[in-house]
Amino acid sequence: MKNHLKDQASPYLLQHAEHPVDWYPWCKEAFAKAKAESKPMFLSIGYSTCHWCHVMARECFQDQEVANELNQHFICIKVDKEERPDIDSVYMSVCMLLTGSGGWPASIFMTPEQKPFFAGTYFPKRSACGRIGFLDLLKAIYRKWEQDRESLSQSADEIVRQLQANADGFQQRDGSDLAQRAFFQFQQSFDKTYGGFGAAPKFPMPHNLMFLMEYYKARGEKHALEMAEQTLAQMYRGGLYDHVGHGFCRYSTDKMFLVPHFEKMLYDNAMLLLAYTRAFAVTGNELYQRVAKQTAQYIEREMTAPWGGFYSAQDADSEGVEGKYYLFGYNEVKQVLGEKEGEHFCQAYNLTPEGNFEGKNIPNLLRGSGGSISEEARQKLYLYRKKRSSLHLDDKILTAWNGLMIGAFAAMYQVFGKEKYRMLAERAFQYLAETAGTEGLFVSCRDGKRQGKGFLDDYAFLAFGLLELYGATLKRAYLDQAAHYCRMGLALFEDFKEGGCYLYGKKNESLIVRPKETYDGALPSGNSVMAYNLVKLLQITGDKEWEPYVKRQMAFLAAAAQEYPAGQSFFLLAVLAQEYPPEHIVCVLKDQADIKKLAARQKEGANILILHQETPKYPLQNGRSTLYICRDKSCLPPMNF
């Protein structure tokens, strides 16, 4: 049986296209049908590499008994959260409001007017151990719908009122002490033994580490750098890092970073590339360079499309078992590598006959000898692992996540100087620009099908990537493109009255509320990244066009960060950039080849503006390329190269 998902492009929706549940995508037809038949609606939100989404699909959505109940009494909608972050944001807020927690799959029951009255995440088919099963839940909700629909409608209206109240915004406040308060909050939650912050599960949150490194550079606070370094080293040593194929998994289920949730996401690896590259630039520690280059190798080898652009994610599950692809038996390694080399690997990466995870082994350096392993041995294990089982690849290309990866490869080119990184970044941008054309950005593209008008994150993250690419190459076109996407983003999403930017804008579908996301969670918020972009554009260009936008955006986010500034660490990068601006250089070029002479200052993160012809304000001196340099709020006399 095929349902209404068969013509969708999303890998997640296609995974459910032959389920017995009569799924619809989010569409007018589904809501019209629910109204016409006076039925409640069941909304299921997830993504293609989500382990618990797979579990609930097997237990419930592929089950004929559950499907019969859903098909008879509900209209059912499937949503890929990565293609529709607006829907996910609204209804995940519902889940948090009603249950105090969230996650995927999100399971929402709502009226045909899209108003939710019940929410949860994963449900097993049958009730057990005090937890209601999905089948019993469906029957209970349908009975309530038939017997007391008015109370459900009243509950739904109240939930919507609360959501709208939460989205109303903040009173603008001064943010001068936010960075220091965030540093103190990170100190309080830091795990001195294992690195990271708080208890398990531990997420990488690389933007937190980037903030701590910038805080150290700006204010000389050594403990900020020590917290960042200990966390970066521990994440690499643990099983969060794939020591055979490289790259980072989603998060650690334990406090030591040993046992990961095994899916790999493009955005995690992009942000971690930025963090490890920055750590090398700050400290010169070769470990960070090695981790960054190995992770980049993984992205190029497994997550890069032949035509440019980067894929979204790899699954946690193989053959229905979470982590199976990544685990090794002690004797298995010896069979692949031989007795001597195999024993050496097992000692180095803490592989034992008993195993460290469900009778198998996650290679790690937490307790192993850490001895040197030949690349030949690693490659043997890598190729063996690929033949042994496979991973599902979500091969859609998401604009926002690609923007972060473009920025990561640009930063790597700037710091490490390898042309390959520049080429990967430039080729990805070329693909995105060609896909967008003159219509503005799209959320994603797969098999030539463009999906959805872009959201705030798409514009903000791509502009960030382009600013990094400009800083690395000094090609004016990238600076102009970054400015272009920021202008478009502000025109589409900014709230000129209350400040900040909405998640969805004038070209997007209207939902029951219009959220403004400010919290920097697993990903930084679009508002935080936009603030950073605006500060950088003003500092690089000196164009007063950006001043009112910077003022409004920074004031809005400063108000939003008052309660817990550590939760908005990417925004605090913009705060630090304002408070401690890097060296600013205007270069009037006489000879194009002179750009290469700015390489050292590029690596130090100077804000460099290239002028290809002199102006009354910036004339050439002695008929040669001329530098106008300002630092520490004072400007030096103009000088030739």
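Q: At what angle do helix H11 and helix H12 pack?
A: The model is predicted: local features need pLDDT of at least 70, side-chain atom pairs count only at pLDDT 80 or more, and totals for chains, interfaces and linings use all residues. Helices (H or I, at least four residues) and strands (E, at least two) are DSSP runs numbered from the N terminus. Axes are lines fitted to C-alpha atoms, for helices over the stretch in contact, and angles run from 0 to 180 degrees between N-to-C directions. For H11 (residues 266-283) and H12 (residues 286-302), the axes lie 8 Å apart and the packing angle is about 155°.

Q: Which orientation does H11 have to H12?
A: The packing angle of H11 and H12 is about 155°. Angles under 35 degrees count as roughly parallel, over 145 as roughly antiparallel, 65 to 115 as roughly perpendicular, and the rest as oblique. H11 is therefore, relative to H12, roughly antiparallel.

Q: What handedness does the crossing of H11 and H12 have?
A: A crossing is left-handed if the near helix is turned anticlockwise from the far one by less than a right angle, and right-handed if clockwise. The crossing in which H11 passes H12 is left-handed.

Q: How many nonpolar, polar and charged residues has the contact of H11 with H12?
A: Contact means heavy atoms within 4.5 Å, and residues including Leu 273, Tyr 276 and Phe 280 in H11 meet residues including Tyr 288, Val 291 and Ile 299 in H12. Ala, Val, Leu, Ile, Met, Phe, Trp, Tyr, Cys and Pro count as nonpolar, Asp, Glu, Lys and Arg as charged, and the others, Gly among them, as polar. By class, the contact of H11 with H12 has eleven nonpolar, five polar and one charged residues.

Q: Which orientation do H19 and H20 have to each other?
A: Residues are numbered from 1 along each chain as its sequence is written, and side-chain values use heavy atoms, with hydrogens and water left out. H19 spans residues 476-493 and H20 spans residues 526-541; their axes are 11 Å apart and the angle is about 135°. The two helices H19 and H20 are therefore oblique.

Q: Within what distance do the axes of H20 and H21 come?
A: H20 passes H21 in a left-handed crossing. Among the residues that meet are Met 530, Leu 534 and Leu 538 in H20, and Val 550, Met 554 and Leu 557 in H21. The axes of H20 and H21 (residues 547-560) cross at roughly 145° and come within 9 Å.

Q: Which residue in the turn between S14 and S15 has a positive phi?
A: S14 (residues 442-446) and S15 run antiparallel and are joined by four bridges. Ser 444 has Gln 451 as its bridge partner, and Arg 446 stands opposite Lys 449. Two residues lie between the strands of this S14-S15 hairpin, and the one with a positive phi, about 50°, is Asp 447.

Q: What handedness has the link of Cys 50 and Cys 53?
A: A disulfide is a pair of cysteine sulfur atoms within 2.5 Å, and the structure holds two disulfides. One of them joins Cys 50 to Cys 53, at an S to S distance of 2.5 Å. With 80° about the S-S bond, the link of Cys 50 and Cys 53 is right-handed.

Q: What is omega for the cis peptide bond that joins Ala 200 and Pro 201?
A: Most peptide bonds are trans. Pro 201 is found in the loop between H8 (178-189) and H9 (206-219). The bond that joins Ala 200 to Pro 201 is cis, with omega of about -5°.

Notes: Two strands pair if DSSP finds at least two bridges between them.
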